[in-house]
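Have a look at it first, then read on.

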Amino acid sequence: MSQLQYYAYADHGVRLRGWDSTSGEMKKDLFEEIDQAFENVDRNIKDAGGKGWSQVFRVNSYHTDMSDEALGHMIENLRKWMPDHQPLLTCVGVTKLGLTGMRIEIEVSA
């Protein structure tokens with residue numbers, strides 16, 4: 001059986017989502033939080049030796065705000081980060097995420 005390997009970029013454990021990886025602060029603006037979550041996913045994939053979003057084939061996202069504007073910004077980011085392919089996508093509306101103030105969580109398979 002193969003051995004699983006786990007990766008997290010330096011000094012931040014498994015901090016993904018909308019945290020600024022430099023300051024550790026959560027973004028105040030929803031669109032900025034979404035943008036930061038995409039940047040963090042890209043950084044984490046590359047830190048694990050991957051090529052980033054180009055290798056993603058599935059995206060699960062969890063949102064406390066399912067407004068047309070929020071989901072529209074999510075789609076803009078998907079198009080920005082993956083201009084050459086469209087992964088499977090599931091967006092789930094939730095009432096609360098793991099930490100107070102979190103509004104988005106992105107989980108990918110690459």
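Start at the N terminus and the elements come in the order α-β-α-β-β, so the tally is two helices and three strands, with strands counted as DSSP runs of at least two residues. Keep in mind that this is a predicted model. The chain has 110 residues, and 35% of them are buried. Of the contacts with a separation of 6 or more, 69% link residues 24 or more positions apart.

**The core**

Which residues have the most contacts inside the largest nonpolar core? They are Phe38, Trp53, Val59, Met74 and Ile106, in a core of 15 residues. Helix H1 (30-47), helix H2 and strand E3 (104-109) are the elements that give two or more residues to this core. H1 supplies the largest share, with six residues.

Beyond its neighbours up to four places away in sequence, Met74 touches Ile34, Phe38, Val59, Ser61, His63, Ile104 and Ile106. Two of those, Phe38 and Ile106, are also on the list of residues with the most contacts inside the core.

**Polar side chains out of the solvent**

Asn40 sits in helix H1 and has a relative accessible area of 0%, so it counts as buried. Its side chain makes a polar contact with the side chain of Arg43 at 2.9 Å.

Asn60 belongs to strand E1 (residues 58-63). At 14% relative accessible area, Asn60 is buried because the cut-off is under 20%. The side chain of Asn60 pairs with that of Arg58 in a polar contact of 3.5 Å. Further along the chain, leaving out residues up to four places away, Asn60 touches Thr90, Glu105, Ile106 and Glu107.

His63 lies in strand E1 and is buried, with a relative accessible area of 2%. Its side chain makes a polar contact with the side chain of Ser61 at 2.7 Å. Not counting residues up to four places away in sequence, His63 touches Leu71, Met74, Cys91, Val92, Gly93, Val94, Arg103 and Ile104. One of these, Gly93, is 30 residues away in sequence, yet its C-alpha atom is 4.9 Å from that of His63.

**Loops**

Asp65 is in the loop between E1 and H2. Is Asp65 buried or partly exposed? With a relative accessible area of 28%, Asp65 is partly exposed. The side chain of Asp65 reaches the backbone nitrogen of Ser67 at 2.8 Å. Outside the four places on either side in sequence, Asp65 is in contact with Leu30, Ala70 and Arg103.

Asp84 turns up in the loop between H2 and strand E2 (88-93). Asp84 has a relative accessible area of 76%, so it counts as exposed.

Met102 is in the loop between E2 and E3.

| Pair | Separation in sequence | C-alpha to C-alpha distance |
|---|---|---|
| His63 and Gly93 | 30 residues | 4.9 Å |
| Asp84 and Ser54 | 30 residues | 7.9 Å |
| Asp65 and Ile104 | 39 residues | 8.1 Å |
| Met102 and Leu30 | 72 residues | 9.3 Å |

**A pocket to finish**

Which element gives the most to the lining? Helix H2 (residues 68-81) does, with three residues.

Conventions: Residues numbered from 1 in each chain as written. Predicted model: local features only at pLDDT ≥ 70, side-chain atom pairs only at ≥ 80, totals over all residues. Heavy atoms only, no water. Helix = DSSP H or I, 4+ residues; strand = E, 2+ residues; numbered from the N terminus. Core = buried A, V, L, I, M, F, W, Y, C linked by side-chain atoms within 4.5 Å. Buried < 20%, exposed > 50% of the residue type's maximum accessible area, 1.4 Å probe, protein only. Contact = heavy atoms within 4.5 Å. Polar contact = N/O pair within 3.5 Å; in protein donor to acceptor, adjacent residues only side chain to side chain.
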